[in-house]
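Please look over the sequence and the structure first, then read the points below.

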Amino acid sequence: TILGLRIEDSRQSIQATSPYANPGQDMVSGRQDNLDPLPSAALVWLMSETQSLRLVYGGTVARPLVREFAPFLSQDFVRGRGVQGNPDLLRTYIHNYDLRWESFLSTTEVLAVSGFYKSFLHPIERVIIDTNGNIRYSNVDGATNYGLEFELRLSLERLSASLSDFELGSNLALIVSNVELSGEQKSVATSANRPLAGQSPYVANCSLS
């Protein structure tokens, strides 16, 4: 059993004005201060000399990027739309739960299957604000992600001794997400039930090193 606690004290602030603003016009500003306790816990069961089962929890945070937090209008020239920052954004707190089975085929090889669940408080999304497709960053009440992840890491020495310096790695994650909207957000949303904006239903990669 492994227990831990990390405490992060963060401050984000921004003030913006235009050289063309009228005299006495207030600056646009935003600020957020957060003191976040981030606990973690892991329970490991050694099923055999080569297999283990891990149950893990961890708290994490995701803070707004500068372009998301800054009250500026920028242009997305690829998609031909404007992107408006939002100084009222809140940071996102995430509860992460993982159950992972691992089989160590050798000292450098592993086969693993994981089930995961993530709960987001105030996730940041890109919201379309007009018929021209311009967007603005905004918080929604909450969201969840859950799914399965498969990982395989093999040495190519299994094919030939001359390939002992090479390793094949692959990973596949299947993801289901759902957004929790506030009453006000539901009143203007086209759908009260939908995936988290920008969340792919799967992520896959393969590498040779």
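Of the 209 residues in this protein, 33% count as buried. The model is predicted. Burial here means under 20% relative accessible area.

**Surface and charge**
- The protein carries 17 positive and 22 negative charges.

**Overall dimensions**
- The radius of gyration of the protein is 22 Å, whereas a compact globule of 209 residues would have one near 17 Å.
- The C-alpha trace spans about 75 × 40 × 35 Å along its principal axes.

**Secondary structure and contacts**
- There are 2 helices and 12 strands in the protein.
- Their order along the sequence is β-β-β-α-β-β-β-β-β-β-β-β-α-β.
- Take the contacts with a separation of 6 or more: 61% of them join residues 24 or more positions apart.

**A residue to look at: glutamine 15**
- Glutamine 15 sits in strand β1, which covers residues 2-16.
- Is glutamine 15 buried or exposed? Its relative accessibility is 58%, so glutamine 15 counts as exposed; the cut-off for exposed is over 50%.
- In sequence, 43 residues separate glutamine 15 from glycine 58.
- In space, the C-alpha atoms of glutamine 15 and glycine 58 are 34 Å apart.

Note on methods: Residues are numbered from 1 along each chain as its sequence is written. This is a predicted model: local features need pLDDT of at least 70, side-chain atom pairs count only at pLDDT 80 or more; totals for chains, interfaces and linings use all residues. Side-chain values use heavy atoms; hydrogens and water are left out. Helices (H or I, at least four residues) and strands (E, at least two) are DSSP runs, numbered from the N terminus. Buried means under 20% relative accessible area, exposed over 50%, partly exposed in between (1.4 Å probe, protein chains only). The radius of gyration is taken over C-alpha atoms; the globule rule is 2.2 Å times the number of residues to the power 0.38. Contact means heavy atoms within 4.5 Å. Lys and Arg count as positive and Asp and Glu as negative; His and the chain ends are not counted. The place of a charge is taken as NZ of Lys, CZ of Arg, CG of Asp or CD of Glu.
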